Amino acid sequence: MIEIENISKSFDDKQVLDNISGRFEQGRTNLIIGASGTGKTVLLKCIVGLIQPDEGNVYYNGRDFTHADRDMKTEIRREIGMLFQGGALFDSKNVEENVMFPLNILTDMSASDKLDRVNFCLARVGLENVNKKMPSEISGGMKKRVGIARAIVNNSQYLFCDEPNSGLDPQTAIMIDNLISEITKEYNITTVVVTHDMNSVMEIGEYVMFLHKGIKIWEGSNENISNAEAKELQDFIFANKLMRTAQTK
Amino acid sequence: MKSIGKYFIFLGSLFVNRESFKTYVRLIFDESILLGVNSIFIVAIVSTFMGAVTAVQSAYNLVSPLIEDYIIGTLVRDMTVLELAPTVIAIVFAGKVGSSISSGLGTMRITEQIDALEVMGINSASYLVLPKIISSVLMYPLLVILAMFLSIYGGYIAGTLTNILTEQEYIYGIRLDFNPFTIKFALIKSVVFGFLISSISAYKGFFTKGGALEVGIASTSAVTNSCIAILLADYLLAELLL
């Protein structure tokens with residue numbers, strides 16, 4: 001479980017996050033949603049420690065991450081897997097080497113065990129016979145799946161996904177969403193997904209936190225999001241014509 | 001001043017939270033091929049022509065009958081060993097390797113590959129930069145030794161083929177009053193230059209912000225700053241050691 005407590009962050013004079021608190025439970029797909037530029041990715045980076053918040057704390061199963069010393073931070077980070085928006089695969093390494101990378105650096109496993117684990121993870125995300133392909137030779141959806149395989153290869157306890165289905169066609173996007181949800185349940189991990197895609201919210205949003213201009217406006221589940229009264233959230237959900245029509249009906 | 005302070009903090013960060021020794025050995029080997037072995041061709045071309053041109057231009061300037069022809073050999077030796085091989089090749093090295101280090105790290109930064117390393121609990125600066133600096137410090141002196149040989153050989157080829165001087169005169173000239181300290185001085189310079197080129201370029205690339213345009217700017221800035229640092233260090237070392 002991850003708890004965030006009064007997280008605030010400013011860049012120069014611009015307040016990007018204002019006193020955000022929340023709890024991301026284990027075994028549940030937690031979503032941070034909001035329009036572009038509302039601070040979703042900044043919040044995610046504060047949680048994983050890529051950005052130091054001005055105020056507030058992040059707790060990983062009760063361990064204070066924000067104020068932890070270097071060794072404790074490293075220990076917690078080695079339990080984290082992250083899928084970046086563009087995949088962030090290492091250009092100079094092929095698919096197999098990319099997925100094997102955390103095992104090479106962080107474990108003492110034998111070469112054959114590592115290869116077995118890589119093949120297992122690639123099969124789990126539906127990728128087989130692509131081991132030797134370079135990142136430049138695979139599609140956007142495949143890159144995301146390789147990114148997920150790399151994030152889970154080291155038995156991560158926490159999975160973070162930054163816009164996992166941006167730039168993907170609707171079918172592939174839903175497939176990636178479902179894969180994230182399945183992996184969360186299968187390995188009983190804590191998953192936090194940043195997205196602005198309402199399809200993702202309706203598909204996998206067991207806990208949803210809505211941000212607007214750096215402020216947490218609403219939290220709940222996808223089952224009651226459409227009944228939420230907050231105007232900013234209503235505007236966000238029903239921004240497209242299809243959703244407006246569905247609501248009217 | 002802020003930038004210089006940040007540069008030294010960056011250098012300090014290379015030595016904390018390091019990975020296993022085995023990891024670095026493999027990375028240093030890979031980087032040595034990329035930075036050193038892959039630079040042999042350009043270094044060989046530049047240094048051979050540098051020696052040849054030095055010989056021909058020295059002959060053109062030495063018109064007095066009081067000056068023996070073998071002095072051309074001595075001039076080529078002293079100019080290449082003391083200055084041209086370590087310093088001019090450093091400028092070439094900064095152009096080739098410095099821009100490559102900077103643009104490579106800059107691209108990794110803007111495509112979140114460096115963030116990916118950090119999230120895994122890996123000290124990205126140490127993992128990515130330290131092997132480059134060590135490889136550069138190890139390989140650049142070897143390139144300078146090669147450049148010294150090829151420059152002197154280039155002078156020999158140009159001098160003898162154009163009948164400026166005979167083989168014997170050239171060989172007598174390059175052996176005349178040889179001071180071994182000049183080699184030591186050139187190698188000290190090459191270690192310093194190798195460190196400056198790789199660390200400055202890595203610093204510029206590592207802290208790139210923005211997109212493709214900024215990667216290009218960082219790369220240009222890396223080469224420019226490396227060249228200035230090389231020339232400054234060249235002067236300081238000459239004042240201190242000669």
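Author: Start at Lys9(A): its bridge partner in E2(A) is Leu17(A). The names H and E stand for DSSP runs, helices being H or I with at least four residues and strands being E with at least two, numbered from the N terminus. Strand E1 (residues 2–11) of chain A runs antiparallel to strand E2 (residues 14–24) of chain A, and 7 bridges join them. Two strands count as paired if DSSP finds at least two bridges between them. The hairpin of E1(A) and E2(A) has 2 residues between the strands, and Asp12(A) takes a positive phi near 55° there.

Before we go on, this is a predicted model: local features need pLDDT of at least 70, side-chain atom pairs count only at pLDDT 80 or more, and totals for chains, interfaces and linings use all residues. Residues are numbered from 1 along each chain as its sequence is written, while chains are lettered from A and ligands numbered from 1 in the order in which they are written.

Back to E1(A), which also pairs with strand E4 (residues 55–60) of chain A, again in the antiparallel sense, over 5 bridges. Look for Ile2(A) here, whose bridge partner in E4(A) is Tyr60(A). As a rule, in a regular strand the side chains alternate between the two faces of the sheet.

Now zoom out a bit. Chain A is assigned domain 1 (2–79 + 157–248) and domain 2 (91–155), with bounds that come from an automatic or database domain assignment. Their C-alpha centres lie 25 Å apart. Where they touch, 11 residues come from domain 1 of chain A and 8 residues from domain 2 of chain A; being in contact means that the C-beta atoms of two residues, placed from the backbone, lie within 7 Å. On the domain 1 side, helix H6 (residues 170–187) of chain A gives the most, with 6 residues.

One last stop is Asn222(A), in the loop between strand E10 (215–220) and helix H8 (231–237) of chain A. Leaving aside neighbours within four places in sequence, Asn222(A) is in contact with Val201(A), Met202(A), Gly205(A) and Val208(A). The C-alpha atoms of Asn222(A) and Ile204(A) are separated by 7.8 Å, with the two residues 18 apart along the chain.
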